[in-house]
Amino acid sequence: MMEDGGQRRRWEYCWTAFCFSLLLCFEPQVSAQIRYSIPEEVKEGSVVGNIAKDLSLDVALLKHRRFRIVSGFMDTLFQVNQNNGALFVHEKIDREEICDSNGACLLNLKIAVENPLEVHYIEVEITDVNDHSPSFPEKDLHVEMAENTLKGARFDLPTARDLDVGMNSIRSYKLNQNEFFDIEIRDSEYGEKSPFLLLQKTLDRESQDKHVLTLTAIDGGNPTKSGTLNIIITVLDVNDNRPVCSRDTYTVMLKENTSPGFVVAYVNATDPDEGVNGEVEYTYGRNVLRKVHDIFELDKVTGKIRVKGKIDFEENEMYSLNIKVSDKGRPPMNTDCRVIIKIVDINDNEPEIEVTSLSNIVSEDAKPGTVISLISITDKDSGINGKVVCGLSMNLPFEMKPYVQQNMYSLVTKESLDREVASHYDIIITATDLGNPALSASTTLSIEVSDVNDNKPQFSYSPLEMYLFENNPPGASVFAVSAIDKDINENAIITYQIIRSDQTQNDMDSFLNINSETGVISALKIFDFETIKKFQFYVLATDSGSPSLSSNVTVNVFILDQNDNVPVILHPVMANGSAEGVEEIPRNVNAGHLVTKVRAYDADIGYNGWLLFSLQEVSDHSLFSLDRYTGQIRTLRSFTETDEAQHKLVILVKDNGNVSLSATATVIVKVVEPKEAFAASDVTNAVKDEEENNVTFYLIITLGSVSVLFIISIIVLIVMQCSKSNDYSSKYLQDMNYDGTLCHSIQYRSGDKRYMLVGPRMSIGSTLAPGRNRNTLVIPDRRRRDSGEVRLIIIFALSDLF
């Protein structure tokens, strides 16, 4: 039973589907039952209408009866609500996409319900909204229009398009405000409005060659929408203007002798037309003389007039040129103008200078006003251009003076000449006329200034100082003097000779010789510093002029010391060519006891006379020491019983010269018992007291004599120093202290007597000067143990004072 019921239901369903298919086949014959209207672009979900209500369908059975849309793609745009039977928008609707025509846009829907099967036809009209603006097929429109286009001419314009229909479609066109064009609208056979451009005023390209217009299409929507088109009108030129010259008459001034190619004038004409209609060319008029063509050249393109031939004021003072100006239009249009060229006379002849020289050599002792040459000036010009002034172009000791005739001058000396300042003059003589601009000419006159003997020989330094080492080889050159004479030739030849201060020959010739031509001085003998330290002589320089001129120079000669003296031993005393002494000392002396002192001196000065002492030979190095500077011999330790009773010491004394010289002294030291030493000392002292008493008397006499001589010498030296110039003294003597050795003192003891030797030492031939140290030998008397009396004896070496 249940199977029979199921088969029955399947059969009913198939029958219903068959009937529904038959109904669909007859769809075109069925008219719509309900019609709705909605605008395009409504939101999704917007309700179009309630179909169930309008068809009186039971809302409760809609879902059971499968209430639905069965019209193909329409179900994507619309949907029905089975709960309430409402038809609503399922997707956004664009009328312009669905309907192409400008008529009504209708959409037919089929609504089907089952049980029983029913098909209802619904028609939905999509109304237009203004959602599109008018638009032109192009943004810019270029139009070319001749400037002679007649007023009232029409030009069609492209029609704008608007996808909207009805009132939302294009309703009007509008053109921007201008005085030349207007818009005219015509209705076409298709109902469209077509715009036309209407010319209201004649165009002039020379005034305005381009017009820019804006055409606006407006629809009828609310609010309205619009689209624009830019119309660019180019005005084409026609040859409707003739050329115009900037001046009717050009007047120019041109100097004669102007070079070919010089631009005389510019003829300037303009044509407001465009292209070939505005291009102008220049030509000579028919009445222009042939000579003008030979002298002036006209550029047909630029209008430049250039000089072609020779311009001569004397031939023609003025030229008149007729210029024709034409454009290149068809037919051409032309005009003419005139150019007047006035020739200006110029000063075109230079002055000519003729020099008549008396001599081109003038003596430097020529007096001011001496005539050197005569100058003649000529100028071919006349009037003011022929007037000439003449002068010298440089500041020279010469001047031009007018001569007797016009345009004649004499060249004379203005001041004294000096060949040594300038021996040659290139005198530039310039002649200038008074034309405008002035022309000038110049010539050069060379003058040589001859020499006269007006300059003495001159030495570069005065006085001259010569430094010469002693022991010089005889005949060798030692110095050279040189003088300069600013004169030339024989006036500058100098001879030299050695003279005294009174301009006469002196005894210097015995040991000095001078080459009369070269001034080289040679020493004829050997100089010894210890004998003479300085001397002075004069050199006379004489030129060979007539009369001759001369000058002299003082030469100060300073002899420089060399290490040529061997040290001399003073103690021990020299005997038989050797210095040897014997000293006795007690055995009980302590370490540091002064045994004796070796005394020596050196006749040299400076380092050459600085003496150093050293032990060359000693029997026992542990017993004695020698001070290298003072020569003192001292004990290093106390004597012992095992020490020998006699010791030999050989002392080496040497100086500090580059090649040192030396001497030796031998000291025999005898060690004695204390009692023997005292006894020997008393005997020796008694003998020495007697000797010294005798010596003291003679020394007192000597001291008095020396004192008197010393005072006299000091007075004489002061007088001599005051009478000499300050330049006489040598810097070398002041700096190096030529008169002695480095100052030092040497103390020594012999027994119970003490001695002191003070340096430096004076040499034979030396002189006293303020501030100089003298060599003295200071010998204090033995200090008596019983009374403590001290004597001081000062000995001056008389030989050192002279």
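Visitor: How many cavities of 30 Å³ or more does a search of the whole structure find?
Guide: Two. A cavity here is a set of points on a 1 Å grid over the protein atoms alone where a 1.4 Å probe fits but cannot get out. This is a predicted model, where local features need pLDDT of at least 70 and side-chain atom pairs pLDDT 80 or more, while totals for chains, interfaces and linings use all residues. Residues are numbered from 1 along each chain, and side-chain values use heavy atoms, leaving out hydrogens and water.

Visitor: What lines the second largest cavity?
Guide: L57, D58, L61, L62, R65 and V113, each with an atom within 4 Å of a point. The volume is about 30 Å³, counted as the space filled by probe spheres set on the points.

Visitor: What makes R154 and E184 a salt bridge?
Guide: Their N-to-O distance is 2.8 Å, and the rule asks for a side-chain nitrogen of Lys or Arg within 4 Å of a carboxyl oxygen of Asp or Glu, so the pair qualifies. R154 sits in strand 9 and E184 in strand 11, so parts 30 residues apart in sequence get tied together.

Visitor: And R587 with E673, how far apart are the closest N and O atoms?
Guide: 3.7 Å, and they too form a salt bridge. The partners sit in two loops, 86 residues apart.

Technical notes:
On a 1 Å grid over the protein atoms alone, a cavity is a set of points where a 1.4 Å probe fits but cannot get out, and a pocket is an open set with protein on both sides within 12 Å along at least five of seven lines; lining residues have an atom within 4 Å of a point. Helices (H or I, at least four residues) and strands (E, at least two) are DSSP runs, numbered from the N terminus.
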